Amino acid sequence: MRIIHGIIILSTCFFAACSQNQPTEATTTTAVDVVDTVYELEEMDTLTVKWSDDFETIFKQLDQHRYIGFPYFKHDDQARWEVSNSTMGAYMLTKALGKEEVLDSLIDWRIGKFLSATQTRLKLQSGNEYPQMEQFVKQFRTSNNSDIEMDEEGQDRQLDVIYSVYISYFFQKQLRNMPESKKLEKYLENERLAWQLVKRSQRKLLNALYEGNAPVNDMLGLAKAENTNKTKADLDLYFLLTRKSYTPSDTLYEKLTDQFAYYDVYNGFIKDIKATQKIGFGKKIKALTNEQNAWMGYIYTRRQLSGKLTPEQEKVYDNATNRLQKWHIVQLKNRLKGYGYCSDAFRNSLLQDSCSYTDFYKYVPMKLDAQF
């Protein structure tokens with residue numbers, strides 16, 4: 001819980017009407033003389049904010065509380081600030097109740113209500129959909145970092161991850177609603193659920209590697225990396241089905257053998273865990289095994305979906321799978337390090353996603369207890 005006091009002079013507001021190249025049509029706000037920065041952040045109380053299958057009921061409760069700071073943003077554009085405030089509340093509520101898989105649906109509903117209330121029209125032009133959607137969502141975060149307090153920087157990073165994951169969900173939803181996707185509906189849902197399990201198991205693994213107390217910045221970094229790579233794969237499929245011809249500007253990725261991807265690398269990780277000789281290493285091995293099973297299940301769902309595509313589509317989709325596989329093995333070889341705060345020298349010593357396959361296969365992981 002935190003209290004901030006003070007009266008600060010307000011600069012001009014930063015949300016102007018969207019230009020022709022921007023994805024929304026919005027209204028401007030009028031600047032006033034002062035911003036009242038006296039406020040109190042609240043913890044999530046699941047007794048006060050109760051779960052309901054009716055999203056409107058949930059947000060009516062969330063809107064009564066304050067979960068983020070950003071007083072300048074609130075004064076400049078209260079409507080957008082309210083979206084992020086209730087979004088943060090929804091994140092805290094779903095996390096507390098173990099209902100994280102519903103968060104993106106909640107955000108989608110809340111943004112839909114904003115669009116309706118402000119009579120804003122979301123426009124996504126073919127060929128540039130992702131950057132335009134990203135630009136639209138960024139309008140729910142403050143654009144003036146010079147006015148952010150230190151603890152608000154953490155909130156801004158958290159919102160960045162939450163909204164970037166939502167963008168991936170948005171395109172997945174668009175994909176599922178396409179007539180061309182009806183025959184893939186079951187396979188798309190299986191792939192989505194399997195990915196949720198991967199994310200959950202990776203967070204538990206990272207937490208186990210830190211003896212149950214993984215730093216917040218590492219968790220945020222992991223989530224950002226997961227979403228960046230998954231969204232790229234999702235967009236490949238989205239564009240495959242929405243464009244008559246689609247060739248991604250990407251390199252060809254090798255298909256990794258199951259022996260290498262699932263056994264050699266994982267077994268090496270297990271040996272490193274045992275080599276630390278720390279008490280409770282069994283929990284880390286169990287978390288790693290669960291992550292391995294989740295990833296194997298995920299790749300299986302992608303292979304099932306691949307078999308339902310045309311030969312040309314299958315090539316692009318399988319290449320995206322191979323790209324995900326390489327990224328995942330890089331994760332494992334790095335022992336899930338480098339996501340939070342660390343020195344540039346340490347980060348540069350880790351295996352990079354862009355590495356050559358020669359370096360990829362030869363790289364010897366650093367020890368689990370290596371210092372940052």
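Is E211 buried or exposed? E211 is exposed, with a relative accessible area of 51%. Exposed means over 50% relative accessible area, buried means under 20%, and partly exposed is in between (1.4 Å probe, protein chains only).

## About the model

This is a predicted model: local features need pLDDT of at least 70, side-chain atom pairs count only at pLDDT 80 or more, and totals for chains, interfaces and linings use all residues. Residues are numbered from 1 along each chain as its sequence is written, and side-chain values use heavy atoms, with hydrogens and water left out.

## Two loop residues

E211 lies in the loop between helix 7 and helix 8. Helices are DSSP runs (H or I, at least four residues), numbered from the N terminus. E211 is not a glycine, yet has a positive phi of about 55°. Most residues other than glycine have a negative phi.

Q119 is also not a glycine and has a positive phi of about 55°. Q119 sits in the loop between helix 4 and helix 5, just after helix 4. With 71% relative accessibility, Q119 counts as exposed.

## Helix 4

Helix 4 covers residues 103–117, which makes 15 residues. The expected span of a helix is 1.5 Å times one less than its number of residues. For helix 4 that gives 21 Å, and the end C-alpha atoms are 21 Å apart, so the two agree. Buried residues of helix 4 include L103, L106, I107, I111, F114 and L115. D104, D108 and R110 are buried too.

## Aromatic pairs

The structure holds 19 aromatic pairs. Rings of Phe, Tyr and Trp (its six-membered ring) pair if their centres lie within 6.5 Å; planes under 30 degrees apart count as stacked, over 60 as edge-to-face and the rest as tilted. F171 and Y238 form an edge-to-face pair, 5.2 Å centre to centre with 70° between the planes. This pair links distant parts of the chain: F171 is in helix 6 (residues 150–176), Y238 is in helix 8 (residues 216–242), and they are 67 residues apart. F171 is buried at 2% relative accessible area. Y238 is buried at 10%.

W195 and Y298 form a tilted pair, because their planes stand at 55°, with ring centres 5.1 Å apart. Here too distant parts are linked: W195 belongs to helix 7 (residues 185–209), Y298 to helix 10 (residues 281–306), 103 residues apart. W195 is buried, at 5% relative accessible area. Y298 is buried, at 0%.

One aromatic cluster includes Y130, Y166, F171 and Y238.

## Charges over rings

A charge sits over a ring if NZ of Lys or CZ of Arg is within 6 Å of the ring centre and within 35 degrees of the ring normal. The charged end of K74 sits over the ring of W81, 5.1 Å from its centre. R302 lies over the face of Y317, 4.1 Å from the ring centre.

## Nonpolar cores

A nonpolar core is a set of buried Ala, Val, Leu, Ile, Met, Phe, Trp, Tyr and Cys residues joined through side-chain atoms within 4.5 Å. The largest has 52 residues; L62, I111, M133, Y166, F171 and L237 touch the most other members. Helix 6 gives the largest share of this core, 9 residues. Apart from it lies another core of 46 residues, among them W195, V198, L206 and F346.
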